[in-house]
Amino acid sequence: MPTPVADHWAIVPAAGIGARMGAAYPKQYLPLAGRPVLLHTLDRLLISPRVAGLVLALREDDPYWPTLGYAPDKPLLIVTGGDSRAASVLAGLEHLAGHTAPYTPVLVHDAVRPLLHPADIERLCDEPLDADGCLLATPLTDTVKRADAAGRITQTVPRDGLWTVQTPQRFRLDVLRAALSDALAAGREPTDEAQAMEHAGYRPRLVAGRRDNVKITVPQDLPLGECLLAAQAGEGV
Ligand code: C5P
C-alpha cells in the first residue's frame, strides 16, 4: 500500500450561531460526550493522513474558541467568517490561497458534523480531482411529501434519484473560490458549496457516504450523536 499523501486542506465554517438549537451558546461549542462538538469535528479531519492543514472560520470576537486551548500538530489557520455560510467558506478559501497552490483540493466540512468517518474521507479523497468536484451524500430512504403552509400534503414526491447531501464537499481551491465569489457578488446565498458550483455550470459527483455523518442541528441530535460516537468507538474509530 502506498503511503497516503497529505495533499488536501480542510475548510471548516464555524461562524454560525445555530439558532435552531435554542442553546445559550453556538451549537458547535455544545458538549458531545463531554467535549465540544467542534473539537470532535476538527480531530476527525486533522487525524486524516490526507489532510495537510485546516482553515477554521470563526465569528469576529468569538469568546469561546480561545478558552478551548486546542493545539493540533498540523497547521490550523483562523479566519473571521462572514454573514452566511458561503461568506465564511469564501473567507477561508481566500486566506488559504495565500498559503498553497491554486489547484489544491479542499474539503469543506460543517463544524457540526463531528461523526465524519475516516473511511468516508478516504473515499472522497480517492475520487479523481477534476474541476467538477465531489461530495458525500446518501440516497433518500424515507417517502417524501410536499406540504402547504398549513402542513397538509399537496404531493408525494418520487424519491428516485433524490439524495440528501452532507459534507465534506471536495473541490479545487481556485474553482470553488471563483464559484462562491461569483455567487455572493450576484446576491445569491448557496446553502452548500455544490450549489455554487452547479450555478457556475459544473456537475459535482455524489459519493455515497455513511448515514452516521449526522449534522448536530436540534437538541435531540446531541444524544443521537453520543450513541453514534459510542458505536464508532466500538468499531475502533
Ligand atoms: O446552521 P447552518 O446549517 O447554516 O450551519 C452550517 C455551517 O455553517 C455551520 O458549521 C455554521 O457554523 C457555519 N456558518 C458559518 N457562518 C455563518 C453561518 C453558518 O460559518 N454566517
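This is a predicted model: local features need pLDDT of at least 70, side-chain atom pairs count only at pLDDT 80 or more; totals for chains, interfaces and linings use all residues.
Local features require pLDDT of at least 70 and side-chain atom pairs pLDDT 80 or more, whereas totals for chains, interfaces and linings use all residues. Residues are numbered from 1 along each chain as its sequence is written, and side-chain values use heavy atoms, leaving out hydrogens and water.

View 1. Gln-28 lies in the loop between strands β1 (8–14) and β2 (31–32); strands are DSSP runs of E with at least two residues, and helices are runs of H or I with at least four, numbered from the N terminus. Gln-28 is buried, with a relative accessible area of 4% (buried: under 20%, 1.4 Å probe, protein chains only). A polar atom of the Gln-28 side chain lies 2.9 Å from the backbone oxygen of Ala-14. Residues touching Gln-28 (heavy atoms within 4.5 Å) include Pro-36, Val-37, Leu-38 and Val-112.

**View 2. The buried residues of helix α4.** In α4 (residues 118–125), Asp-120, Ile-121, Leu-124 and Cys-125 are buried. They lie on the same side of α4 because they cover an arc of only 130 degrees around the axis, taken from the directions from the helix axis to the C-beta atoms. Elements packed against the buried residues of α4 include β1, α1 (37–46) and β10 (163–172).

View 3. Of the 14 residues around the ligand, Pro-13, Ala-15, Gly-82, Ser-88 and Lys-215 come nearest (a heavy atom within 4 Å). An oxygen atom of the ligand is 3.0 Å from a polar backbone atom of Gly-16. The protein buries 84% of the 460 Å² that the ligand exposes when taken alone (Shrake-Rupley method, 1.4 Å probe).

Methods: Buried means under 20% relative accessible area, exposed over 50%, partly exposed in between (1.4 Å probe, protein chains only). A polar contact is a pair of N or O atoms within 3.5 Å; within protein, one must be able to donate a hydrogen and the other to accept it, and residues adjacent in sequence count only if both atoms are side-chain atoms. Lists of a residue's contacts leave out its neighbours within four places in sequence.
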